[in-house]
Structure formats: structure tokens, C-alpha cells
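The entries follow in the order in which I looked things up.

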Amino acid sequence: MTLLYHPDTIAAIATAPGRGGVGVIRVSGQDLSAIVAGLIGRALTPRHAHFAKFKDEDGSVIDEGLALYFPGPNSFTGEHVLELQGHGGPVVMRMLLARCVALGARHAEPGEFTKRAFLNSKLDLAQAEAVADLIDAQSEAAARSALKSLDGAFSREINTLVEELINLRMLVEATIDFPEEDIDFLEAANARGRLNELQAQLARVLATASQGRLLREGMHVVLIGQPNVGKSSLMNALAGEEIAIVTDIAGTTRDTVRELIQLDGVPLHIIDTAGLRETTDTVEQIGIERTWRAVDKADLALLLLDSREGVTPHDEAILERLPPALPVLRVFNKIDLTGETAGVVGETEVHVSAQSGSGLDELRTRLLHMAGWHGANEGVFIARERHLDAIRRAAEHLINAGHAFHALELFAEELRLAQVTLNEITGEFSSDDLLGVIFSRFCIGK
Ligand SMILES: Nc1nc2c(c(=O)[nH]1)N(C=O)[C@@H](CNc1ccc(C(=O)N[C@@H](CCC(=O)O)C(=O)O)cc1)CN2
Ligand SMILES: Nc1nc2c(ncn2[C@@H]2O[C@H](COP(=O)(O)OP(=O)(O)OP(=O)(O)O)[C@@H](O)[C@H]2O)c(=O)[nH]1
Ligand SMILES: [K+]
């Protein structure tokens, strides 16, 4: 068992703050004997649920509950772990935690248990991140895919790629080291074919990881348009409840209204905004400023239009002001008043009635398509932008390698860089800064 990293013992309330039926205190360290002796007063059989009285300094009972002892290295953190399952009231939990601290533990920082699990090689970095992503999952599909990554599905893909990269590198290094070997030798060993295969594999992993990122982060979809076109009505229809106020008074929505909905397990943050028009009303003006700010942060905009009017010069002006890279879906609303057919027209147009609901299914499908969702796929593992970034950079190095096929030193170097870049995902070599950023976002007790 490693003593390298952490001489000190950490403790935290592992259960959510507030009242609960049962609350759990978790303690991890190299030597928990003083804490076990002080709290329980007898030795604990490994991985066995003991009913025990948890004692205070003066021998009085703080709580009675279950104590579990996991000797390292066979524990979540790889260190010795003690769990106290007490009555889940905030006061009891605080008293138990304070007792652990009095007996030599210190309060754990956010993510510190999982960080220790990582440093003790119980989990790699992608798995450790998946622990947080599982806890933060906003849909069932996101939770399932986080569990896949926690189970190592993503890491295995990366490790397979890294192994194949190493094999190819060995081949190239051998060609460099033995001058009698030359390009023909590489050709004969199908180095180019293997490079192509690596590129194809990396592209597949990127595609799956992109789906995983979408499940984790969702999309920010902003509803914009002139007053009274039906933005709030559409928001409510998509959410399935009355979230935004709907009236026939133009300028009803004066602030941005946010709601999280799920389509096919993909979390969509829908933002209803104040209708865009010239106004002298100060409150409405502020709302309109907020609309533009929401637009700047959005991944996708729905421009709502009144079917009876079509695209007016005012709408053209709105379109002009949108960021050029922002994908826009034009939603012609109120087709119940014009008798138009519901559904999608081309890539960027859909005809609906927020009131009757016609065309909304087509709108949902179109939204998912624009988000880049390819349908609920069993194999999707959760991923983060950090991972996608590393995969894209590794792919660049493989492209560079392909161009350097006849400059062996350069070819070898690009392969090495691709490997190092992929290793960032599983955290083979990771900086303290990166670990700090990742684990500080965890909750306390995890
Ligand atoms: N009570 C409790 N429930 C919990 C956790 C916990 O720490 N405590 N977990 C915390 O996140 C999750 C489960 N994760 C865990 C992961 C590994 C080990 C563990 O003891 N691993 C040992 C033994 C493995 C085995 O027996 O197969 C090891 O890896 O060596 C425990 C919990 C969710 N539920
Ligand atoms: N007939 C019909 N009326 C609709 C439809 N959608 C919305 N409306 C009506 O249009 C009016 C304006 O709807 P809202 O949803 O408040 O429009 P908005 O774009 O949010 O308006 P602002 O808050 O002013 O920006 C209300 O009277 C709605 O009932 C529709 O599909 N068909
Ligand atoms: K309105």
C-alpha cells in the first residue's frame, strides 16, 4: 500500500446535506486505529456491517448505527476506509464528523476521496471524472453513459489506441535505429495502413465521445423573435407545463425564463426571452439586452415567426444581428390560423402550432439532429470537452505523421505526440493544476 501521497486522514459527510433517513460519514487514511478505537472501542472485522454505538470523548453515545471497515488496498480510495452509517440528521452528522476530527482526521476537500482513488490507481482520470458526471447526470441516458465510463469503457478505447500507437512507434524507431532498414521495411510492415486504421479508430471514438459530451452538457437553445409570435407558448409546449406567462399582450415576457427539458435523454436548456422590438419601456429594454446576452451563450437559436406574416423586415434585422456561426432554426408558428401543413421544410425551417401541438414532434427531431444527436446508442460513454479536445489534437498529430511518412524522425515524433495527447485523457501524466481543476468541482464527501 502506497504511503507516498497522503500521510493524513480525511473525513466527510458522504450523504447529501440536510435531513435523511440514514447519513454516512466516510473516513480514509493510512491508519484509522485511533478513530476506530475512540468511536467504536473494538476492532472491526473487514467489510462486515457492525452494529455499534458511536462514542464521544466522555464515553457518552453520539449515535448508534452501522460501522464498516475496508482495509486498504481493497477499498474505494485504496487506503483504509471507515464508514459510519448513522441517523441522517444534520446535527448528528456534524457531531460524528467533529468526533472524527477530534480523533485526528481533517475535513476532506471536494473530490478528495476520488482524487486519492485516482492517485492510488483505483481509477484513471476519465473514470474519476465519470464519478462526478454520474452524480451530476441530468437524464437517465446521461447516468447510464457515465456508468459506462466509470466502468472503463472509454478508457479501454483510449488504451487500445495507445497500445496500437506504441506498436507502430516501435516499428518506426527500429527503422530509425537500424540504418539497414528503410522505408521499404515500413511499407512491407504496412505502416501506412496501420496509421490509416488508427485514424479511422480515433474518428470513431471522437464520434462516440461527442455524443457522450452532449449527454453530459446538453445544449443551450434560445427562443427569440418579435413580441407575441408565441415564444412562451412554445416553451411551455416543449416543457409540458406552464412555465412562462402567455398573454395576448405584446411584451409579456420581460426577462429570460429558463427550463431544462429532455429529448431522447439529451438535456436541453431552453431559454425563453423578451420579444425583440424597439421600445421605450425601461424594463422591457433591459429584458431585450438580456435576450442578446442569452443569444451569445446559446448553441442553437429558434427564431419564432408568425405564419401569417412570414419573415418580415424586422425578422431580417434580427437574423442580421445573430452571431454568424450560430445555427438557427426558423419556426413558423400559429399554422392553425393559416391552415398550413405542419412539419419540416428543408434543413432550417419547421411549421408548427404551439397551441394545437402540431409539428412539435418534427421540431423535436429537428432540434436533436441540429444538436448532433444520432439517437440513443447503447455504446455511448460520457465524455467532456477536455476529452474531445485531446482526441482532436491527437488526430492532428496523426495527420501530421501521415505527411511525414518519408521523414522518419518527424514521423516518429508525431506518433509520440499523439500518444502523449491521448494519455491526457486517462491521466497517465497529469499536472497538479489539471487535477486541481477536475477534483475541485466535485462535491464534498466524494
Ligand atoms: N457505502 C458506500 N456506498 C457506495 C460507495 C461508498 O464509498 N460507500 N461508493 C463510492 O463511490 C460507490 C461504490 N463504489 C465503490 C467502489 C469500490 C469499492 C471497494 O471497496 N473496492 C475494493 C473492493 C472491490 C471488490 O470487493 O470487488 C477494491 O477496489 O479493491 C467500494 C465502493 C457507491 N456506493
Ligand atoms: N392561434 C394560435 N395562437 C397562438 C399560438 N401560439 C401562441 N399563440 C397566442 O399568441 C399570443 C402570444 O403568445 P406568447 O406565447 O405570449 O408570445 P411571446 O412571443 O412569448 O410574446 P412576448 O412575451 O410578447 O414576447 C397568445 O395569445 C397565445 O395564446 C398558436 O400556435 N396558435
Ligand atoms: K405575449
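**Ligand 1**

I listed the residues around ligand 1 and found Arg 26, Arg 47, Pro 73, Asn 74, Ser 75, Phe 76, Glu 83, Lys 122 and Lys 446; a residue counts as near if one of its heavy atoms lies within 4 Å. I note that this is a predicted model, in which local features need pLDDT of at least 70, side-chain atom pairs count only at pLDDT 80 or more, and totals for chains, interfaces and linings use all residues. Residues are numbered from 1 along each chain as its sequence is written, chains are lettered from A and ligands numbered from 1 in the order in which they are written, and side-chain values use heavy atoms, with hydrogens and water left out.

I then looked up polar contacts, which for a ligand are pairs of N or O atoms within 3.5 Å. For Arg 47, the side-chain distance to a ligand 1 oxygen is 2.9 Å. The protein covers 46% of the 680 Å² of accessible area that ligand 1 has on its own (Shrake-Rupley method, 1.4 Å probe).

I checked the backbone at Pro 73 and found that the peptide bond from Gly 72 is cis, with omega near 0 degrees. Pro 73 belongs to the loop between β4 (61–70) and β5 (80–87); strands are DSSP runs of E of at least two residues, and helices are runs of H or I of at least four, numbered from the N terminus.

**Ligand 2**

I counted 24 residues around ligand 2, of which Lys 231, Ser 233, Gly 251, Thr 253 and Asp 336 come nearest. By class, this shell holds seven nonpolar, 13 polar and four charged residues. Helix α9 (residues 231–239) supplies the largest share, three residues.

I found polar backbone atoms at 2.8 Å from a ligand 2 oxygen in Thr 253, and at 3.0 Å in Asn 228 and in Ala 354. The protein covers 91% of the 650 Å² of accessible area that ligand 2 has on its own.

I located Asn 228 in the loop between β7 (219–225) and α9. Its phi is near 70 degrees, a positive value in a residue other than glycine.

**Overall fold**

I recorded 15 helices and 13 strands in the protein. The radius of gyration is 28 Å, well over the 22 Å that the globule rule gives for 446 residues, so the protein is more spread out than a compact globule. This radius is taken over C-alpha atoms, and the rule is 2.2 Å times the number of residues to the power 0.38. Along its principal axes, the C-alpha trace spans about 80 × 80 × 35 Å.

Technical notes: A polar contact is a pair of N or O atoms within 3.5 Å; within protein, one must be able to donate a hydrogen and the other to accept it, and residues adjacent in sequence count only if both atoms are side-chain atoms. Ala, Val, Leu, Ile, Met, Phe, Trp, Tyr, Cys and Pro count as nonpolar, Asp, Glu, Lys and Arg as charged, and the others, Gly among them, as polar.
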